[in-house]
Amino acid sequence: MHEQPLEGPLVGEDGSVGYRGVTACQAVGISYRQLDYWARTTLVVPSVRDASGSGTSRLYSFRDLVVLKVVKRLLDAGVSLQNIRRAIETLRSHGVEDLAGITLISDGTTVYECRSPEEVVDLLQGGQGVFGIAIGGAFKEIQGSLSHLPAEPAAPQPVDERPEGPAAGDELAARRARRRAG
């Protein structure tokens, strides 16, 4: 199967849209409890809008979702949360374009950052790597997941410009509205 290269701007890459926690969970494949814990412990904090008290919702950027996907894959591979935290701190220093060219290799304990095929080969020849995560692949997976999930503008709309009723795809708000209506 031939893979297409990453071309053009990525969905939501410019920060113009954000994704609610429920959407982030669906796109990444994690529970809302995990997402909430990771935000409260600052492992992955939403960069569009953090929760600021009861009733406010976090908004995650596309880049945040990619990082969440990487965290999930590392956890699934048995890497400790402490080592994942160190790897994510390193990734935070890179822009979106840089992330697509990085492959993370881990031996289950340490996470190594590789920026070229030669670095991957060197690491594997040294017996260090056990599995790898191509972050560009995570970009594509998140793009595919988001193609059918709702996004919302990153900047809050003035109250008089908000659409009536629940936002598209907001099942919980729709249930509340139906319950109020009787």
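The following is a set of questions and answers on a predicted model of one protein chain.

User: What makes up the secondary structure of the chain, and which pattern does the chain follow along the sequence?

Analyst: The secondary structure comes to 8 helices and 6 strands. Read along the sequence, the pattern is β-α-α-β-α-α-α-β-β-α-β-α-β-α. Buried residues make up 36% of the 182 residues in the chain. Of the contacts with a separation of 6 or more, 64% are between residues 24 or more positions apart.

User: Why is Leu 65 called buried?

Analyst: Leu 65 has a relative accessibility of 0%. The cut-off for buried is under 20%, so Leu 65 counts as buried. Leu 65 has its place in helix H3.

User: Which residues does Leu 65 touch, leaving out those up to four places away in sequence?

Analyst: Leu 65 touches Tyr 19, Ala 24, Ala 27, Val 28, Tyr 60, Ile 142 and Leu 146. There is also a C-alpha distance to report: the C-alpha atoms of Leu 65 and Phe 139 are separated by 8.7 Å, and these two residues are 74 residues apart along the chain.

User: Lys 69 also lies in helix H3. What makes Lys 69 count as buried or exposed?

Analyst: The relative accessible area of Lys 69 is 12%. Buried means under 20% and exposed means over 50%, so Lys 69 is buried. Leaving out residues up to four places away in sequence, Lys 69 touches Ala 27, Val 28, Ala 138, Glu 141 and Ile 142.

User: How do you know how H3 runs relative to H4?

Analyst: The axes of helix H3 (residues 62–76) and helix H4 (residues 81–92) cross at roughly 150° and come within 10 Å. Angles over 145 degrees count as roughly antiparallel, and therefore H3 is roughly antiparallel to H4. The crossing of H3 and H4 is right-handed.

User: Which residues make the contact of H3 with H4, and what classes do they fall into?

Analyst: On the H3 side they are Arg 63, Val 67, Val 70, Val 71, Leu 74 and Leu 75. On the H4 side they are Leu 81, Ile 84, Ile 88, Leu 91 and Arg 92. The residues of this contact divide into 9 nonpolar, no polar and 2 charged. Arg counts as charged, while Val, Leu and Ile count as nonpolar.

User: At what angle do H3 and H7 pack?

Analyst: H3 and H7 pack at an angle of about 115°, with their axes 9 Å apart. The crossing of H3 and H7 is right-handed. From H3, the contact is made by Phe 62, Leu 65, Val 66, Lys 69, Val 70 and Arg 73. From H7, the contact is made by Ile 135, Ala 138, Phe 139, Glu 141, Ile 142, Gln 143 and Leu 146. By class, the contact of H3 with H7 has 9 nonpolar, 1 polar and 3 charged residues.

User: What makes E4 and E5 the edge strands of their sheet?

Analyst: The sheet is open, with 3 strands in the order E4-E3-E5 and antiparallel pairing. Strand E4 (111–114) and strand E5 (131–134) are the edge strands, and each pairs on one side only. Neighbouring strands of this sheet are turned by 25° against each other on average, direction ignored.

User: How do you know that E3 and E5 pair?

Analyst: Strand E3 (residues 103–106) is joined to E5 by 4 bridges, and the two run antiparallel. Pairing needs at least two bridges, so E3 and E5 count as paired. Ser 106 stands opposite Phe 131 in E5.

User: Which helices lie across strands of this sheet, and at what angles to E5?

Analyst: H3 lies across E3, E4 and E5, running at about 170° to E5. Helix H7 (residues 135–146) lies across E3 and E5, running at about 55° to E5.

User: What makes E1 and E6 a pair, and where do they sit in their sheet?

Analyst: Strand E1 (residues 17–20) and E6 pair in the antiparallel sense over 2 bridges. The cut-off is at least two bridges, so 2 bridges meet it. Val 17 stands opposite Pro 153 in E6. The sheet is open, with 3 strands in the order E2-E1-E6. Its edge strands are strand E2 (59–60) and strand E6 (152–153), each pairing on one side only.

User: Which strands does helix H1 lie across?

Analyst: Helix H1 (residues 21–28) lies across E1 and E2 and runs at about 85° to E1.

Definitions and conventions: Residues are numbered from 1 along each chain as its sequence is written. This is a predicted model: local features need pLDDT of at least 70, side-chain atom pairs count only at pLDDT 80 or more; totals for chains, interfaces and linings use all residues. Side-chain values use heavy atoms; hydrogens and water are left out. Contact means heavy atoms within 4.5 Å. Axes are lines fitted to C-alpha atoms, for helices over the stretch in contact, and angles run from 0 to 180 degrees between N-to-C directions. Angles under 35 degrees count as roughly parallel, over 145 as roughly antiparallel, 65 to 115 as roughly perpendicular and the rest as oblique. A crossing is left-handed if the near helix is turned anticlockwise from the far one by less than a right angle, and right-handed if clockwise. Buried means under 20% relative accessible area, exposed over 50%, partly exposed in between (1.4 Å probe, protein chains only).
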